[in-house]
Amino acid sequence: MQTSNVRPQSLRFHELTRTEIGQWAPETTVVLPVAAIEQHGPHLPVQVDSLLAESISIAAASQANRDIPIVVCPVVVYGASHHHLIYPGALSLSTETLLRVLKDLTDSLVSSGFRRIYLLNSHGGNEECVRLAARELALRHPVIAGAASYWTIAWETILREGAAASLGIVPGHAGGFETSLMMALHPELVQTDLLPLPLNRPIPSVHKDPAAGPLIQRHGSWAAIDGYSDNAGQASTEHGKLLLDLINRAVAEEFVRFHQLT
Ligand SMILES: [Zn+2]
C-alpha cells in the first residue's frame, strides 16, 4: 500500500488548475461518476441517482485518499433513461449518445495525462454503457480502465451487513433501498407523507445483482409497476446511514484495489 502523504490539492478534479492536473494525472486514479435524471416515484426528486453518485464517489475517494492519490470528476448527471420517458422528469440520452459522451470524456482524461480511469455508475440503465466505455477505452489507449455500479461493488456487504433485503428490492428503483439512502443524505427532499406507496404485487425474497446472470427485458414493464420497485414503507434514515457507510467503505476499497493494479 502506498504510504506517501503527497496528494492533489483537492479531491475534486474541477477545483484543480491545469498545472495541478497535468502534474498529478499520471500517478492519480480519476473517477468519472455516471448518473441519471429521471423519475423516482411520486416521493423522490428526479436527481436521486446524481446525488447518490456525487456523495458516494466523494466519500469513497476521500477514504481511499489515505492510501492513494485520487480525484473525482463532476458527475455526468445525464444517463440512459429512455425507459423512464413514459413519466415526466427524464432528461435522457440514448444508448448511442451516452456511449459517445463517455468516449469523449474518457479520451479527454487520457489527453490530460490520466492512466487509471474508473467509471462509477449509479443508474441501472447505464450499466452496459459504462462497462463498454471502459472496455473500449483500454483498447484505444495504454490505460487501466474500470467500471461498476456502486451496488455491485458493495453487493455482498449490502445484503450481509446492511440487511437491505428487508427494505424491498436491492437496489430496486425508488423503493426502500434508494429512499433510505436519500433519507440519510437529503431528508428535505423525501416526501415521506406519501409513504408507503400503493403496491399490489409481491416482493421477491431472493435478491440478485442485476449485473449478474442473464438480462431479461419486458416491453412495458416500467409502466406496469408505476415506476417504483417496492413500497418504500420500511425505509428509514438509520438504515440509509448504515447502507451509505457500507457502500462508501466498499467503494473506497475498490478504488484502492484498482489503483494498485499493475
Ligand atoms: Zn435511482
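Which residues do ring pairs link into a cluster? They are Tyr118, Phe255 and Phe258. This is a predicted model. The report starts with its aromatic rings, then turns to the sheet, the zinc site and some details of the backbone.

## Aromatic pairs

A pair of aromatic rings is described by the distance of the centres and the angle of the planes. The structure holds four such pairs. One of them joins tyrosine 118 and phenylalanine 255. Their centres lie 5.5 Å apart, with 70° between the planes, and the pair is edge-to-face. Tyrosine 118 sits in strand β3, while phenylalanine 255 belongs to helix α9, so the pair ties together parts that are 137 residues apart in sequence. Both tyrosine 118 and phenylalanine 255 are buried.

Another pair is formed by tyrosine 150 and tryptophan 151. Their ring centres are 5.1 Å apart and their planes stand at 75°, so this pair is edge-to-face. Tyrosine 150 and tryptophan 151 are both buried.

## The sheet and its helices

Strands of a sheet pair through backbone hydrogen bonds, either parallel or antiparallel. Which kind of pairing does the open sheet of four strands have, parallel or antiparallel? Its pairing is parallel, and the strand order is β2-β1-β3-β4. At the edges lie β2 (70-72) and β4 (144-149), each of which pairs on one side only. On average, neighbouring strands of this sheet are turned by 20° against each other, direction ignored.

Look next at β1 and β3. Strand β3 covers residues 116-121, and six bridges join it to β1. The two strands run parallel. Leucine 32 has leucine 119 in β3 as its bridge partner.

Helices pack on this sheet too. Helix α2 touches β1, β2 and β3, and its direction makes about 170° with that of β2. Helix α3 (residues 95-111) also packs on the sheet. It touches β1 and β3, and its direction makes about 160° with that of β1.

## The zinc site

Which residues coordinate the zinc ion? They are His40 through NE2, Asp49 through OD and Glu178 through OE. The distances run from 1.9 to 2.1 Å. Along the chain, the donors follow the spacing H-x8-D-x128-E. Histidine 40 lies in the loop between β1 (29-34) and α2 (48-64), and glutamate 178 lies in helix α7 (residues 176-185), so this pair ties together parts that are 138 residues apart in sequence.

Are these two residues buried or exposed? Histidine 40 is buried, with a relative accessible area of 0%. Glutamate 178 is buried as well, at 4% relative accessibility.

## Backbone details

Now consider phi. Alanine 163 has a positive phi of about 45°, although it is not a glycine. This alanine lies in the loop between α6 and α7. Alanine 232 is not a glycine either, yet its phi is positive, at about 60°. Its place is the loop between α8 and α9 (237-259).

How exposed are they? Buried means under 20% relative accessible area. Alanine 232 has 1% relative accessibility, so it counts as buried. Alanine 163 has 37% and counts as partly exposed.

## Serine 10

Where is serine 10? It is found in the segment before α1 (18-24). Serine 10 has a relative accessible area of 14%, so it is buried. Its side chain reaches the backbone nitrogen of arginine 12 at 2.9 Å. Which residues does serine 10 contact, leaving aside its neighbours within four places in sequence? They are Glu15, Leu16 and Val71.

Methods
Residues numbered from 1 in each chain as written. Predicted model: local features only at pLDDT ≥ 70, side-chain atom pairs only at ≥ 80, totals over all residues. Heavy atoms only, no water. Donors = N, O, S within 2.8 Å, 3.2 Å for Na, K, Ca; no water. Buried < 20%, exposed > 50% of the residue type's maximum accessible area, 1.4 Å probe, protein only. Pairing = 2+ DSSP bridges. Axes fitted to C-alpha atoms, helices over the stretch in contact; angles between N-to-C directions. Contact = heavy atoms within 4.5 Å. Phe/Tyr/Trp six-rings, centres within 6.5 Å; stacked < 30°, edge-to-face > 60°. Polar contact = N/O pair within 3.5 Å; in protein donor to acceptor, adjacent residues only side chain to side chain.
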